[in-house]
Amino acid sequence: MLELDKKKWKEIVTFSAIGISNIAVYLFAASFFIYLMELNLSLANGLAYLFSAAYSFCLNAIFTFKQAFELSRLVKFLTASLFLSFCASLITSIILFLGFQYWISLMVVIFGLPPLSFFIHKYWSFKD
């Protein structure tokens, strides 16, 4: 097993705490797009993920990776977030196609994408 130093553990814990608060932002956005805007479930899920990504960028830049706001970093973060948003929409579409309930896709997105998100943002978006 890989041994993590104190700095990496702190980043993981901070990223996770922000991620937990981001779940509320994500669910609020998804509900807004579904119930008030009446968007398609897959599109609503993808847009909610993208909206919550902006929240995540701000907090992770400040607290997790302690990086200055730079346009190039924001572009990388948003590019990664677009990819992850596409993944959220694809996951939702596949789960609905297979006949499962929408809330199952929410659980898969909420618990499945964060590890991939941490890896992408740690080693690409916020890379020194």
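The crossing of α3 (71-97) and α4 (102-125) is right-handed, a term used when the near helix is turned clockwise from the far one by less than a right angle, anticlockwise being left-handed. The model is a predicted one, in which local features need pLDDT of at least 70 and side-chain atom pairs count only at pLDDT 80 or more, while totals for chains, interfaces and linings use all residues. Residues are numbered from 1 along each chain as its sequence is written, and side-chain values use heavy atoms, without hydrogens or water. Helices are DSSP runs (H or I, at least four residues), numbered from the N terminus.

Two packed helices are described by the angle between their axes and the distance between the axes. For α3 and α4, the axes come within 9 Å and cross at roughly 155°; axes are lines fitted to C-alpha atoms over the stretch in contact, with angles from 0 to 180 degrees between N-to-C directions. The pair is therefore roughly antiparallel, the label for angles over 145 degrees. Their contact comprises 17 nonpolar, seven polar and two charged residues. In this scheme, Ala, Val, Leu, Ile, Met, Phe, Trp, Tyr, Cys and Pro are nonpolar, Asp, Glu, Lys and Arg are charged, and the others, Gly among them, are polar.

Contact (heavy atoms within 4.5 Å) involves, among others, Phe15, Ile23 and Leu27 of α1 and Leu106, Ile110 and Phe118 of α4. By class, the α1 and α4 contact has 14 nonpolar, one polar and three charged residues.

A pocket is an open set of points on a 1 Å grid over the protein atoms alone, where a 1.4 Å probe fits, with protein on both sides within 12 Å along at least five of seven lines; lining residues have an atom within 4 Å of a point. The largest pocket has a volume of about 490 Å³, volume being the space filled by probe spheres set on points joined across faces, edges and corners. Of its 25 lining residues, Phe15, Gly19, Asn22, Ile110 and Pro114 are the closest to the centre. α1 gives the most to this lining, with nine residues. The lining holds 16 nonpolar, nine polar and no charged residues.

Note on methods
Helices (H or I, at least four residues) and strands (E, at least two) are DSSP runs, numbered from the N terminus. Angles under 35 degrees count as roughly parallel, over 145 as roughly antiparallel, 65 to 115 as roughly perpendicular and the rest as oblique.
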